[in-house]
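Please look at the sequence and the structure below, and then follow the questions and answers, which set each value against its definition.

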Amino acid sequence: MTVPSSPQPAGAPGHEILHGIGVSAGTASGPAVQVRPAPGPDTSEPPTTDAQEASARVREALDAVATSLTERAGRASEHARPILEATAMMAKDPGLASGIDTQLKNGVGVTQAVHQAVEEYCVMFASLGGYMAERVTDLRDVGDRTICRLRGVPEPGVPELAEPSVLVAHDLAPAETATLTSQTVRGIVTAAGGPTSHTAILAAQLGIPAVVQVKGAMLIDAGTEIALDGGVGEVIVAPTKEEKEQLAERSRRRRAALAGSSGEGATRDGKKVALLANIGTADDAVSAAAQDLEGSGLFRTEFLFLERDQAPSLEEQTATYTRVFEAFGDRRVVVRTLDAGADKPLTFADLGEEENPALGRRGLRLGMIREDLLDTQIEALGAAYRATGGDVRVMAPMVATLDEAEYFAEKVRAAGLPKVGVMVEIPAAALRAEQMLSIVDFASIGTNDLSQYTMAADRMQGELAPLLDPWQPALLQLVRLTCEGGRATGKPVGVCGEAGGDPLLALVLVGLGVSSLSMAPGRVSAVRAALRLHDYSTCQQMAAYAVNAQTSVAAKEAVLALAHPNLIDLL
Ligand code: PEP
Ligand code: MG
C-alpha cells in the first residue's frame, strides 16, 4: 500500500521518512530513546594485581545486577516476571562468581574477567543443549550488565524513561520489554524483527503502535523527535509541522472510524464472525473479559509452565483454569494444551539437543512423549470445566497426522470436556483438514506457524519477513483448503494467528470461510469496524482475488482496491 509522504521540506534538519512493516496499528510521536547496546569489556583496563579486592568489586556488581533485575521482576507483567527472576538467579550463581575469581587470580582485568568467565559458561550451556542452551542470551545479559556496573556506565537495554517516548532498537529481547507500558512508551521502532516476532506480538498486546524492519533505525539520534504510523509502517524523523498535522488527522479519523464499533462481530449484511482475544495468563483473561469481545480463541497455557523447575501441580493448574473460565462466564474459551519446545523450552521436559528444534519434538509431539504432562493438564481442564460449566473448547498445538488428532480427541473426550479441536499450523493438517475435522469438533488456524512451515522460513528471523507475510497466496490457499474441510464436515474453522488481527486481511479470511478470529484484545475494535463496512459477498470476492494473486503485494493491493474507502482509517 502506498501512503502519501511529503518530499523533504527545506529547513527540517535531519528530516527523513523511513519505511518498515507496520505490526501494531495507531499513530504516535515523541522523542527517540535508543535502547542501548552493551559496551563490552574495557580493552584498556589495567591487569588485576589485588585479586581479593577485585573479586569483592565484581561480587558487589553482580549483587547489584541481581537486585535490580529482581526489582524489575516485581514491576513486570505476569509473562515477563519469571524471565527476569530466572536472569536474576544467574547473577547469583556461585559457579559464575568462582569462574570470574579464577580469571582475576590469573591477573586478568575485572571487566575482561567477567566477559571471559561468562563466555566460558556460555560454551558449557550451549553444549548442554535444549533449555540450557536457550539461557545463553540471559547469561550474556547478566555479563553485560555487570560490566556496565564495573565501568560506571548505564546498563544496556531500555533506560528508565523520563517522559513518554518512542523506543528505537535493533530488536527487543523479552527481558528488555518486561516493564514497558503504553503510558511510558508511545511507539516502538526496530531495525530487525518481523510480523510474528516477540516485539510485534508484545506491541500489539500492549496496544503500542510499532514498525519493525526499519532500515536506518539505528542511525536515529537519541532525543530527535520521531513520528510513526504503525498501520502503514512509516517512520518520520524530525517531522515537519504539516506532517504532524497529517498524522494527527489520521489519528482523529481512526478514532472516528472506531467510534461506533461495539457488540458481536458481523459483516454489514449480518454474517456473524466471533471476535475473540488471545490470552496467556489468568490476568490476561480478567483484563480481556472486561472488554467488548466474545471470549478467548486462544489461551496459550504454556506461560504457566515456562521458567519453572517442575510442572505446575494438578491443583495449581485447576485453580488457574477455573479463574480463566470464571472470568469469561458463558463466553467461549478455547484452551490450547501445552505448546512447548523450539522457542518455548521447558526445563523439566528437556528432551535433549535437537538440530532443528522448530522441526523437532515440540507441541503435541512433546505431550505424546511426556504423556504425564498432557494427562495432568487435561485432568485439570476437566476439573475446572466441571467447576464452572462454561463454553470450554480444548485444542492441540502442532498436529500433523490423523492419528495424532485421534489420540488427542480420545483423551479430551474421556475427561468429559465438551469440545475438542486441532490447530492447523502444519501444511499436512491443512491438506487433510476434511479428515481431521471428521475426528474433532473444530479447527483453529495458527497462521504464525503455518506461514513458517509453508514457506520454510524461521518466524523469528526478521529478514525473512516477506516470505512470512500472511498475504502470501500459498498461505491463503491453505486457509481456503482448511475452510473447505470445515464446510464439507459442517465444523467451524477459526484463525488465531496474528493475521486475524489485521482489519484488511480479516475480511479475506472471512471470505475464505473462517467463522471466528482471535487476536490481541486491542485489535478487536478495528477488525469489528472493518467487518461492518463490508458485505459477505465482498469478502468472498476479496478472498478470490487474494488467493489468485501472483504475489503477497498484489494480493493486498487487489483487496484494498475492493475495500470501502473508510477502511484505510482502520489500518
Ligand atoms: C500460531 O502459530 O499462529 C499460533 C497462534 O501459535 P503461537 O504463535 O503461540 O505459536
Ligand atoms: Mg503456533
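Arginine 459 lies in the loop between H17 and helix H18 (465-468), where helices are DSSP runs of at least four residues, numbered from the N terminus. This is a predicted model, in which local features need pLDDT of at least 70, side-chain atom pairs count only at pLDDT 80 or more, and totals for chains, interfaces and linings use all residues. Residues are numbered from 1 along each chain as its sequence is written, chains are lettered from A and ligands numbered from 1 in the order in which they are written, and side-chain values use heavy atoms, with hydrogens and water left out.

Q: Why is arginine 459 called buried?
A: Its relative accessibility is 8%, and buried means under 20% relative accessible area (1.4 Å probe, protein chains only), so arginine 459 counts as buried.

Q: What makes the pair of side chains of arginine 459 and aspartate 449 a polar contact?
A: The two side chains are 3.0 Å apart, and a polar contact is a pair of N or O atoms within 3.5 Å, of which, within protein, one must be able to donate a hydrogen and the other to accept it.

Q: Why is aspartate 449 called buried?
A: Because its relative accessible area is 2%, aspartate 449 is buried.

Q: How do you know that Glu425 and Asp449 coordinate the magnesium ion (ligand 2)?
A: Their OE and OD atoms lie at 2.0 Å, and donors are N, O and S atoms within 2.8 Å of the metal (3.2 Å for Na, K and Ca), although water is not among the atoms, so sites may look incomplete.

Q: Why is glutamate 425 called buried?
A: Glutamate 425 has a relative accessible area of 2%, and is therefore buried.

Definitions and conventions:
Buried < 20%, exposed > 50% of the residue type's maximum accessible area, 1.4 Å probe, protein only. Helix = DSSP H or I, 4+ residues; strand = E, 2+ residues; numbered from the N terminus.
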